[in-house]
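Hello,

I am handing over the structure below. Please look through it first; my notes follow.

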Amino acid sequence: MRAIRASLYEKQESRAAFGFIVPAFVLLAVFIFYPMLHALWISFQNYNLIAAHSSFAGWGNYRKLFSDGTFGASLWHSFYFTLVVLPVQTAISLGLAMLVQKKFRGVGFFRTVYFVPVAVSFAIASTIFRLIYNKDYGMLNAVLKGIGLPAVDFLSNPRISMLGIIVLCIWRAMGFVMVIFLAGLNNIPDSLYEAAHVDGASPAQRFLYVTLPLLKRTLAFVVIITTMDALKIFIPIYITTSGGPAGSTSTVVHFIYETAFKQMNMGFAAAAAFLFFALVLAISVVQLRIFRTDVEY
Amino acid sequence: MNRAVVVPLRWIVLVAAAVVSLFPIYWMVMSSFRTHEEIFRYTTLSKELFLPVHWTLGNYREIFLDPAKPFGRYILNTLLVAVVVTAAGLVVNSMAAFAFAKLRFRFKRGLLALFLSSLVIPYEVIMVPQYLLMRDLGWINDYRALIVPQIVWVFGIFMLIQFFADVPRDILDAARIDGAGWARIYGVIVLPTAVPALITLGIMTFLNQWDSFLWPLVVINEEKKQVIQVAISSYQSLRNISWGKIMAATTISSVPILAVFLLLQRYYVQGITMSGVKG
């Protein structure tokens, strides 16, 4: 009798559990997993919304990608962006976190101030920087001229336009990463620093031999999410330069967007997206291996 | 190193970083109070560059009164989408998190793994088929396209599971013996203990929706139905638009959010650190 009741109880619990999960599961299946499989399917199709016909393309789209100079360039721009943003942003954020880690009068104020840009949306941050960078009446050029330097057209010079975008992205993200580092730094016990101090370690040595090794987990998390986000950069590109001048800032996601929603070439765009997905995944796996920690994401 | 050098240096860096963080926002707000002519006139280092000479609210008046670009409407559209997604998301995601955290059932590990596996799928990869799906459902230019696919958020489920894990199973079993159903236990016992977590998730969801750009850009083409971020970017493609007006639009859409954000930043920060460096 008791066994029957117990199994009934378990059955009820099982049924209740599925009831709780079903809404999330259905939404996930319809709007994430199905599109994912569908993306794979259409990446093997010649599927253009304008021509309104589709046919099987085999590896055609993928083969075309490898010989497509625009795609190659956009891939390089995404990587260039990431290669600059990753070390610079990580270093700045770690620096800020270390500056405001110790309690002192006004520390709360500085922590909050550094975090403020996080609440500004990407679209708005890009808009503000567009005004600040403006060649004729932007604040930055007013300052440059004020100290006797020539005016620079930050967003229409192919050689430096990406740097302008990099600066605005770091401005917006550094407070976010700082908070992650702060949490990591607070997990390091003070006794370790004291011990190092007693052993006569200099501040640089304490940083290299205490802080960095114990921050490995946090660092791994930061590196992985920064890389993922940086490779997917799109909004600032769309708003500040639309990929120009002369395609010098077109990134992969910008390429996918243009191919899918300007040229309506869905098959080709899906293939580009899938190739990109494989790359991002491979990079994350390699980074995880390098850090050899079990980061939860 | 010498203390007499380090301490002032430290303060210089602290203040410089603070100026860099705040200056673009200051610049946005100040520009929104300038007339069209003024933005072009003062382009040298002077007091006038940093403070408006003739303060005006004209830019604000104009963006709200412009019938071609109904700014008030954009705000309401965005609020509607953000509020509905946040509310529905809190319900759906917390239900799933509760089951994963506290209930025993078959295939639990497998299902959880399946859920978490979706975290590696970048949104950009499924953008194209999602758009095609919206087209097939007839949801293009429809708020349903902005709302329904955005409700489930596995990251949020993952975060809530960690919070719910702290609720002792004994309490749930006791309530069960007293005859409470699982729905009641979830609503009356578990949810109230997770209010801080729900606030955290709510803020994150709301901010994500308020800032949402690429998806509305793709699925909403009708001017009047557009959301605020895309609307702001479309201002810039207009000819002869004044930067004063653009900055008024960005100020209105970011300053209230900033204020709320600063009040509740404790929760937001908790969410970031929970997901990043727990354990």
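**Notes on the predicted model**

The unreviewed UniProt entry annotates residues 12-29, 74-99, 111-133, 145-165, 185-207 and 246-264 of chain B as "transmembrane region"; UniProt positions are given in the numbering used here, feature names are shortened, and annotations may be inferred rather than shown by experiment. Residues are numbered from 1 along each chain as its sequence is written, while chains are lettered from A and ligands numbered from 1 in the order in which they are written. This is a predicted model, in which local features need pLDDT of at least 70, side-chain atom pairs count only at pLDDT 80 or more, and totals for chains, interfaces and linings use all residues.

Two of the annotated spans were examined in the model. Residues 145-165 of chain B are 67% helix and 0% strand, with end C-alpha atoms 33 Å apart. Residues 185-207 of chain B are 96% helix and 0% strand, and there the end C-alpha atoms lie 30 Å apart. Helices (H or I, at least four residues) and strands (E, at least two) are DSSP runs, numbered from the N terminus.

Within chain B, the axes of α1(B) and helix α15 (residues 243-263) come within 7 Å and cross at roughly 120°. Axes are lines fitted to C-alpha atoms, for helices over the stretch in contact, and angles run from 0 to 180 degrees between N-to-C directions. The angle makes α1(B) oblique to α15(B); angles under 35 degrees count as roughly parallel, over 145 as roughly antiparallel, 65 to 115 as roughly perpendicular and the rest as oblique. From α1(B), Met28(B), Val29(B), Ser31(B) and Ser32(B) make the contact, and from α15(B), Trp243(B), Gly244(B), Met247(B), Ala248(B), Thr250(B) and Thr251(B). Two residues are in contact if their C-beta atoms, placed from the backbone, lie within 7 Å. By class, this contact has 5 nonpolar, 5 polar and no charged residues. Ala, Val, Leu, Ile, Met, Phe, Trp, Tyr, Cys and Pro count as nonpolar, Asp, Glu, Lys and Arg as charged, and the others, Gly among them, as polar.

Between the chains, 73 residues from chain A and 73 residues from chain B take part in the contact. On the side of chain B, helix α1 (residues 3-32) gives the most, with 12 residues. That side divides into 52 nonpolar, 16 polar and 5 charged residues.

Helix α13 (residues 266-291) of chain A packs with helix α7 (residues 123-137) of chain B at about 150°, their axes 7 Å apart. That makes α13(A) roughly antiparallel to α7(B).

Regards
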